[in-house]
Amino acid sequence: MRPTTVPALYEVPVQRVPSRADAMAAELLFAIRQTDRSDLAFLGVAVVGDWGGAVTRRAKGLFDLASSLAKGAVKEVQGGIEASERSGLPEHLLGRGKCAWQASEAFVSRMARTAGDLILELREDPSEAGPRLLTLVLAALASGGGVDGDGGAPDLDIPLFGIGAHRSPFTHSILMGATLETAIYALTRLVVCVHKNLPAQHDPVFDKFLAGAAPLVDAAARGASVGIAYHLLVDGLAQPAAYHGLPFPMPMMAHQTILAMNGVAEGADVPHKPAMPGVESDLHRRAETASEASEFRKPSSPAHKFAENSPERANFASDRLAFGEPTSRAISEHERLAKMTWKVPRGLREWLSSDEIQILERHRHKMVALDRGTIPPISKQHARFVLVARGELVASTELEHAWVALREATVIYNAAVKLSRQS
């Protein structure tokens with residue numbers, strides 16, 4: 001199966017340089033297309049499991065919270081009735097007030113100890129704790145909508161469904177927290193899964209992500225929960241409004257109570273984030289081998305039939321590398337093309353190494369002619385290059401690798417430009 005021909009590879013001048021974000025997105029799309037479907041299917045199953053686990057964990061927390069509040073309310077009512085029967089209701093209320101004050105003091109003390117531990121960690125290892133704290137704060141602000149609690153992930157119901165659907169039960173509940181957490185884990189799983197298929201010259205952020213992803217992903221997931229919990233509490237306590245889309249009416253107090261309880265349940269889930277099974281160890285393993293893996297290219301076509309240096313591949317190559325006696329016209333055409341040089345367009349240089357650029361500037365015209373069939377191969381090296389260009393052999397020489405790199409760079413560039421035009 002011959003790889004799809006990219007027009008820009010031959011004729012279209014490429015001078016526009018896409019933004020870094022568009023280039024990274026194009027690199028990721030390229031890697032996804034090169035990844036086996038079985039790996040992507042396994043990734044999908046893992047993501048579904050992540051979402052189910054996140055919802056179950058939060059639902060259990062919400063149920064436990066509701067049970068505790070109900071039991072506490074019954075206990076307080078019973079205590080008040082018993083105190084009233086003994087004519088000791090004032091003393092009872094005073095005692096319960098002191099208990100509430102002590103519980104508040106204990107909560108503030110715990111928060112102060114947590115802040116103190118965080119400051120101590122920042123002083124002892126700022127390079128390790130600083131990025132985690134920054135990630136947590138940014139994730140909380142982004143997901144929660146800032147200090148005023150307007151915007152963020154819960155208010156996505158406005159652009160998605162319109163202002164009439166604001167305060168949707170899906171976005172203003174623990175379901176949004178579970179979905180956002182799953183999205184963070186899914187992106188991490190995706191990068192880990194496809195990293196080996198990124199182009200050799202890819203953005204270094206992907207490698208840095210592999211090297212330090214585990215603590216940052218954990219901080220992002222916790223920060224997202226903090227932000228959503230804050231938003232729901234603000235909506236439930238300071239900005240009262242009814243849910244939209246419920247199948248039955250409720251008094252405003254019930255709407256506020258449900259919002260606040262979802263906020264508390266989301267906040268209670270912050271310290272209980274699970275490690276992604278199999279991902280953290282894979283992150284470390286991939287980070288260790290990332291530099292080695294980037295030196296080798298994945299075959300750019302599914303038509304590669306044989307493993308490198310296998311006997312089957314050798315036999316296949318010997319059968320296909322035959323070529324006829326070159327004519328004088330063919331030889332002169334090869335000589336003419338060999339004298340022509342080509343300037344690698346600025347937009348493609350980001351995905352090519354300096355050695356690949358030098359090879360392409362010297363040999364690109366002849367490579368294009370061989371690939372298009374406008375000149376015949378006059379040596380085994382030429383015949384082999386044609387088979388590599390068709391996707392029937394794995395690239396092994398520097399010239400063949402340069403051609404594969406140019407084809408990959410052109411595909412990625414075109415995707416990046418398309419993304420930049422859409423944004």
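Arg 167 is found in the loop between α5 (157-161) and α6, in a model that is predicted. The phi angle of Arg 167 is near 70 degrees, a positive value in a residue other than glycine. Most residues other than glycine have a negative phi. Arg 167 counts as buried, because its relative accessibility of 5% falls under the 20% limit.

**Overall make-up**

- Of the 423 residues in the protein, buried residues make up 40%.
- Among the contacts in the protein with a separation of 6 or more, 75% are accounted for by residues 24 or more positions apart.

**Thr 182 and its surroundings**

- Thr 182 lies in helix α6, which spans residues 174-194, and with a relative accessible area of 6% this residue is buried, because that value is under 20%.
- A polar atom of the side chain of Thr 182 lies 2.7 Å from the backbone oxygen of Ala 178.
- When its neighbours within four places in sequence are left aside, Thr 182 is in contact with Val 47, Asp 50, Trp 51 and Ala 54.

**Aromatic rings**

- The structure holds one aromatic pair, formed by Phe 385 and Trp 403, whose arrangement is edge-to-face, with 5.6 Å from centre to centre and 65 degrees between the planes.
- Phe 385 lies in helix α13 (residues 380-389) and Trp 403 in helix α14 (residues 398-422), so the pair ties together parts that are 18 residues apart in sequence.
- Both members of this pair, Phe 385 and Trp 403, are buried.
- At another ring, that of Trp 342, Arg 364 lies over the face, at 4.4 Å from the ring centre.

**Nonpolar cores**

- The largest nonpolar core has 30 residues, and the members that touch the most other members are Val 344, Leu 348, Trp 351, Leu 352, Leu 360, Trp 403 and Leu 406.
- At least two residues of this core are supplied by each of α1 (20-34), α12 (354-372), α13 and α14, and the largest share, ten residues, comes from α14.
- Leu 352, one of the core members named above, is in contact with Gln 201, Val 344, Ile 357, Leu 360, Ala 405, Leu 406 and Ala 409, once its neighbours within four places in sequence are left aside.
- A second, separate core consists of nine residues, including Leu 28, Ala 31, Leu 190 and Cys 193.

**Cysteines**

- A search of the whole structure finds zero disulfides; a disulfide is a covalent bond between the sulfur atoms of two cysteines.
- Cys 193, which belongs to the second core, is buried, because its relative accessible area of 12% is under 20%.
- Cys 99 counts as partly exposed, because its relative accessibility of 35% lies between the limits of 20% and 50%.

Notes: Residues numbered from 1 in each chain as written. Predicted model: local features only at pLDDT ≥ 70, side-chain atom pairs only at ≥ 80, totals over all residues. Heavy atoms only, no water. Helix = DSSP H or I, 4+ residues; strand = E, 2+ residues; numbered from the N terminus. Buried < 20%, exposed > 50% of the residue type's maximum accessible area, 1.4 Å probe, protein only. Polar contact = N/O pair within 3.5 Å; in protein donor to acceptor, adjacent residues only side chain to side chain. Contact = heavy atoms within 4.5 Å. Phe/Tyr/Trp six-rings, centres within 6.5 Å; stacked < 30°, edge-to-face > 60°. Lys NZ or Arg CZ within 6 Å of the ring centre and 35° of its normal. Core = buried A, V, L, I, M, F, W, Y, C linked by side-chain atoms within 4.5 Å. Disulfide = S-S within 2.5 Å.
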